[in-house]
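Let's take a friendly walk through a protein model together. Have the sequence and the 3D view ready, and look up each residue as we come to it.

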Amino acid sequence: YLVWGGGYIARMKDDLSDLAEEPRSLQMAIEGYPTEMPLPNQLGERGAFIFRDGGKYHFVYSAWNLRDGGGHFDAVVCEGTALFGPYSKPRRLATDVQRQAMLFRDAAGALLAVYSKDDRPVIVPLSKR
């Protein structure tokens, strides 16, 4: 599957040369969306990716929003038990990220988020295995 932008997803052809189906929006699979925005005053999203861990799918993206009257990118995560949702309401992983965040497990099994803030890398432990 290819995941891009604010959460578009589509299965790819076996040779990865093109999409094998019409894209769908995972935003539509978030609890309460579209009648209630995932984040207050959210204007857009980018940098979406999905990973499976602990029997759950984690849909991560960065959202541009006006949460305090100023513009901010916040990294958020939604969780679900199926690839296409439904997904939980987003929770913030990090505030004021510079565009996107990435999650990975270290050698000890701890889940970490890495993102850029003020042009410097930031690594934040999220959980231990």
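Begin at lysine 56, which is partly exposed, with a relative accessible area of 36%. Keep in mind as you look around that this is a predicted model.

What does the side chain of lysine 56 meet in a salt bridge? The partner is glutamate 79, and the N to O distance is 3.7 Å. Lysine 56 belongs to strand 5 (residues 56-65) and glutamate 79 to strand 6 (residues 72-80), so this pair ties together parts that are 23 residues apart in sequence. Glutamate 79 has a relative accessible area of 25%, so it counts as partly exposed too.

Glutamate 79 has another partner to find. Arginine 91 also forms a salt bridge with glutamate 79, and here the closest N and O atoms are 3.6 Å apart. Again the pair links distant parts of the chain: arginine 91 is in strand 7 (residues 91-94) and glutamate 79 in strand 6, twelve residues apart. Arginine 91 is partly exposed, at a relative accessible area of 47%. Through their shared partners, the salt bridges join Lys56, Glu79 and Arg91 into one network.

How many salt bridges are there by this rule? The count comes to three. One of them is formed by the side chains of aspartate 53 and arginine 105, at 2.2 Å from N to O. This pair links distant parts of the chain, with aspartate 53 in strand 4 (residues 42-53) and arginine 105 in strand 8 (residues 101-105), 52 residues apart. Is aspartate 53 buried or exposed? Its relative accessible area is 15%, and because buried means under 20%, aspartate 53 is buried. Arginine 105, at 29% relative accessibility, counts as partly exposed.

Now stay with strand 8 and follow the chain onward. Strand 8 runs antiparallel to strand 9 (residues 111-117), and five bridges join them. As background, strands of a sheet pair through backbone hydrogen bonds, either parallel or antiparallel.

Strand 2 (residues 8-10) pairs with strand 3 in the antiparallel sense over two bridges. Look there for isoleucine 9, which stands opposite arginine 24 in strand 3. Where does the charged end of arginine 24 sit? It is over the ring of phenylalanine 84, 3.7 Å from the ring's centre.

That brings us to the aromatic rings. By this rule, the count comes to five aromatic pairs. Among them, phenylalanine 49 and phenylalanine 51 form a stacked pair, with 6.3 Å centre to centre and 25 degrees between the planes. Phenylalanine 49 is buried, with a relative accessible area of 14%, and phenylalanine 51 also counts as buried, at 18% relative accessibility. Finish your tour at Phe59, Tyr61 and Tyr87, which ring pairs link into a cluster.

Technical notes
Residues are numbered from 1 along each chain as its sequence is written. This is a predicted model: local features need pLDDT of at least 70, side-chain atom pairs count only at pLDDT 80 or more; totals for chains, interfaces and linings use all residues. Side-chain values use heavy atoms; hydrogens and water are left out. A salt bridge is a side-chain nitrogen of Lys or Arg within 4 Å of a carboxyl oxygen of Asp or Glu. Helices (H or I, at least four residues) and strands (E, at least two) are DSSP runs, numbered from the N terminus. Buried means under 20% relative accessible area, exposed over 50%, partly exposed in between (1.4 Å probe, protein chains only). Rings of Phe, Tyr and Trp (its six-membered ring) pair if their centres lie within 6.5 Å; planes under 30 degrees apart count as stacked, over 60 as edge-to-face and the rest as tilted. A charge sits over a ring if NZ of Lys or CZ of Arg is within 6 Å of the ring centre and within 35 degrees of the ring normal. Two strands pair if DSSP finds at least two bridges between them.
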